[in-house]
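Work through the exercises below with the sequence and coordinates at hand. Each task is followed by its solution in steps.

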Amino acid sequence: MRIRIFEIIILVVTFTIGGCTYEGNDKHMEIIKKNHKSVERLWSAFLKENPNNRIKNTPLSFYFCDNEKDADECAELVVKGIKQATATSLWWFEKNNETLPKVGDQYVVTNWNGYAKAVIETIKIEQIPYNQITSEFAAVEGEGDKSLEYWKRVHEAYYKREMEPYGDKFDENMIIVCEYFKTIYKVKK
């Protein structure tokens with residue numbers, strides 16, 4: 001589950017929450033725009049230490065989840081190397097006409113307020129029905145107690161929240177895009 005922050009112009013940022021354009025909290029949007037400089041700084045520092053990186057332009061930045069507590073916790077799990085996967089519904093990609101992630105994609109992970117925390121790189125993609133997600137995947141995703149039971153509980157609730165505004169319904173057979181990644185750079189303390 002990730003919330004993508006799309007850069008249209010350096011000063012204009014649109015982002016989505018669960019597939020819906022997020023316009024309801026202008027103050028939060030302003031905070032994210034203001035903090036975008038941290039994304040650019042982290043990316044610049046990453047490139048300085050990795051001058052041969054094939055991607056030069058600042059990549060897409062995003063935070064995980066749809067609330068501050070979980071977004072901040074997930075960002076810290078990425079920094080610690082515990083969270084190494086995410087699970088976005090195929091429904092979300094299709095609803096938003098978004099390109100599916102591919103191996104080699106790089107992103108900047110932020111906290112809820114848009115502060116850059118880490119650079120990640122996609123290493124594996126699988127499309128799996130929700131009801132066939134494994135306990136191994138839940139453990140790699142690294143959230144909560146890392147159990148499949150926890151994973152199913154929080155992800156079902158999340159998918160329902162993202163689909164509800166469209167009148168679409170969660171289905172245990174729905175396809176989940178399981179994106180495995182590695183943390184390749186993190187904010188220096």
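**Exercise 1.** State which residue follows α2 and give its phi.

Solution. The residue after α2 is G81. Its phi is positive, near 80°. The model is predicted, so local features need pLDDT of at least 70, side-chain atom pairs count only at pLDDT 80 or more, and totals for chains, interfaces and linings use all residues. Residues are numbered from 1 along each chain as its sequence is written, and side-chain values use heavy atoms, with hydrogens and water left out.

**Exercise 2.** Compare the span of α2 with the expected span.

Solution. Helices are DSSP runs of H or I with at least four residues, strands are E runs of at least two, and both are numbered from the N terminus. Helix α2 covers residues 68–79, which is 12 residues.

**Exercise 3.** Find the contact at the start of α2.

Solution. A side-chain oxygen of N67 lies within 3.4 Å of the backbone nitrogen of K69.

**Exercise 4.** List the buried residues of α2 and name elements that cover them.

Solution. Buried means under 20% relative accessible area (1.4 Å probe, protein chains only). In α2 the buried residues are A71, C74, A75, L77, V78 and V79. Their cover, by contact (heavy atoms within 4.5 Å), includes β4 (61–64), β6 (106–110), β7 (116–129) and β8 (175–186).

Definitions and conventions: The expected span of a helix is 1.5 Å times one less than its number of residues. Buried means under 20% relative accessible area, exposed over 50%, partly exposed in between (1.4 Å probe, protein chains only). A polar contact is a pair of N or O atoms within 3.5 Å; within protein, one must be able to donate a hydrogen and the other to accept it, and residues adjacent in sequence count only if both atoms are side-chain atoms.
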